[in-house]
Amino acid sequence: MEQRYRYEVLPLDTPDGDPHWEAYANIFRTVFLEDRVSPEGIAVFRQHRRDDQAVLGMVTADGPGLEGRVPIAGFNATPSTVNDGHGPRPALIVNTVGVLPSHRRRGLLNEMMRRQLDLARAERIPIAVLTASEATIYGRFGFGPASRWQSLEIDTGRFGFRAGVEVAGGAVEFVAPSFLGADWDRLVEAHQARHRGTVGHTKADRLIDTGAWDPAAGGPSKTLRAVAHFDVDGSMDGFALFRFKGWDEHPKAQVLKVCAPEIAVERALWRALTGMDLVQTLVFHGSSPSDPLPLSLLDARAVKVKGVGDSVWLRILDLPDAVAGRAFDADGELVLQVDDAMGYAAGTWRLTVSGGVGSCLPTDSEPDVRLAVDTLALLWHGDRGAGEVARAGLIGGTDRAVAAMGRLFRWDEPTANLASF
Ligand SMILES: CC(C)(COP(=O)(O)OP(=O)(O)OC[C@H]1O[C@@H](n2cnc3c(N)ncnc32)[C@H](O)[C@@H]1OP(=O)(O)O)[C@@H](O)C(=O)NCCC(=O)NCCS
């Protein structure tokens, strides 16, 4: 980094009136082409960053056009969790990254990334996750896409479950999003505990899901709607969030989230959503290629896939710790050579899995397979098989070794991440 730049962390106890808050929030507003942040927006940002114990990394500079030494680049990260099969374990969420256009391509992202990942590693956080605005930025930092989103369009008139597919009894009710507040934490945590590959929700997610904050409106949401499911004892056991899209040719609603730890409750929520009079089409961007919904329908063509893209990007910072947190559905042993330009996971490792529990130790043995750390991410949540990744030219090794790796890393049950970051 040039000498005029300095890496710093904006302390969470920076006084509310300090102009650094506004300058920091406006970096992201500028680079993501949004309106300048309002006083209410700054207050909300400050509160949920404090509640989540975020690390507000930044690069400051002074010079013409800048009022003193101010942030001109930000890298906002949150300690969170990921459930890789043995329950929620520490993970770092990289929330937002931005460098003002006047300072880009001078190594500021490089510097902020290295500082935040070093800190996470020092705090024994074995995995970092993010979602990417562009596909070509994060591979160099060891991140690879570990899951994919899928966009669905559902014809409500053709929607119906096959006979024998269980749909939970109990009751559904259309409620104000704020009604979810009392049960929201319990339900998102139960969902994460039940599903592999899921990232913990943040306080910002809570504000958005309960309608308290709508980033687009810069205030409480007027458009968010919710439907809740209750078990036979009247306890809430799932919810869905949606928004009407208006009266065009086919009246539409957009489903934003379906959160139910039990799949039968999830189906009951889908039945409620598709049963709304006048809504002919539901769009849902939060599905994944392994979503079982279409298969459970009488008419699988009631659901059309309209798009697929990368979802959670993952970076392994400590391979032995990450392996200890990952469930394996098959036992076996494999020697992997992992290339990692940043060094965190580099080396040759013996991975041993017994009873679904993995351990990983450095070894001098000849590797069975060779791959880069961002390629390992493709397999980590079971989204891709080793064979397909090897055919893409990303794993070296004999067919036999690649097949063994495929068996070892395969997950019987797919991921179902709901958190957004
Ligand atoms: C993307 C962004 C953060 C990069 O910041 P930067 O300080 O210019 O990046 P650096 O100069 O540190 O470059 C780091 C590396 O990433 C590469 N890189 C930077 N921006 C890139 C881009 N948009 N696409 C592909 N590669 C990129 C650089 O070439 C460099 O590679 P190298 O180290 O191998 O030479 C910045 O341009 C930005 O804020 N863009 C708009 C907002 C955005 O997209 N944020 C990311 C959200 S997920």
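This section describes the domains, the ligand surroundings and the strand pairing of a predicted model.

The domain assignment divides the protein chain into domain 1, domain 2 and domain 3, which cover residues 6–125, 149–310 and 318–409 respectively. The centres of domain 2 and domain 3, taken over C-alpha atoms, are separated by 35 Å.

The ligand is surrounded by 20 residues, and the closest of these are V99, R105, G107, N110 and S133. By class, the residues of the shell comprise nine nonpolar, six polar and five charged. Two elements, β4 (88–99) and α3 (108–122), each contribute at least two residues to this shell. For V99, a backbone N or O atom lies 2.8 Å from a ligand oxygen atom. A backbone N or O atom of N110 is found 2.9 Å from an oxygen atom of the ligand. In S133, by contrast, the atom concerned is a polar side-chain atom, which lies 2.9 Å from an oxygen atom of the ligand. Of the 890 Å² that the ligand exposes when taken alone, the protein buries 76%.

With strand β3 (residues 70–83), the pairing is antiparallel and extends over eleven bridges; within it, S80 stands opposite A91 of β4. A hairpin is formed by β3 and β4, with four residues between the strands, and G85 in the turn adopts a positive phi of about 120°. The pairing of β4 with strand β5 (residues 127–130) is parallel and comprises two bridges. Here L92 stands opposite A128 in β5.

An open sheet of seven strands is also present, with the order β8-β10-β11-β12-β13-β7-β14 and mixed pairing. The bridge partner of A253 is L282, in β13.

A further open sheet consists of five strands in the order β18-β17-β16-β19-β20, and its pairing is likewise mixed. The strands at its edges, β18 (357–362) and β20 (395–396), each pair on one side only. For β18, pairing with strand β17 (residues 347–354) is antiparallel, and six bridges connect the two. In this pairing, T352 has S359 of β18 as its bridge partner.

Key: Residues are numbered from 1 along each chain as its sequence is written. This is a predicted model: local features need pLDDT of at least 70, side-chain atom pairs count only at pLDDT 80 or more; totals for chains, interfaces and linings use all residues. Side-chain values use heavy atoms; hydrogens and water are left out. Domain bounds come from an automatic or database domain assignment. A residue is near a molecule or strand if one of its heavy atoms lies within 4 Å of it. A polar contact is a pair of N or O atoms within 3.5 Å; within protein, one must be able to donate a hydrogen and the other to accept it, and residues adjacent in sequence count only if both atoms are side-chain atoms. Accessible areas come from the Shrake-Rupley method with a 1.4 Å probe; for residues, only the protein chains shown count as cover. Ala, Val, Leu, Ile, Met, Phe, Trp, Tyr, Cys and Pro count as nonpolar, Asp, Glu, Lys and Arg as charged, and the others, Gly among them, as polar. Two strands pair if DSSP finds at least two bridges between them.
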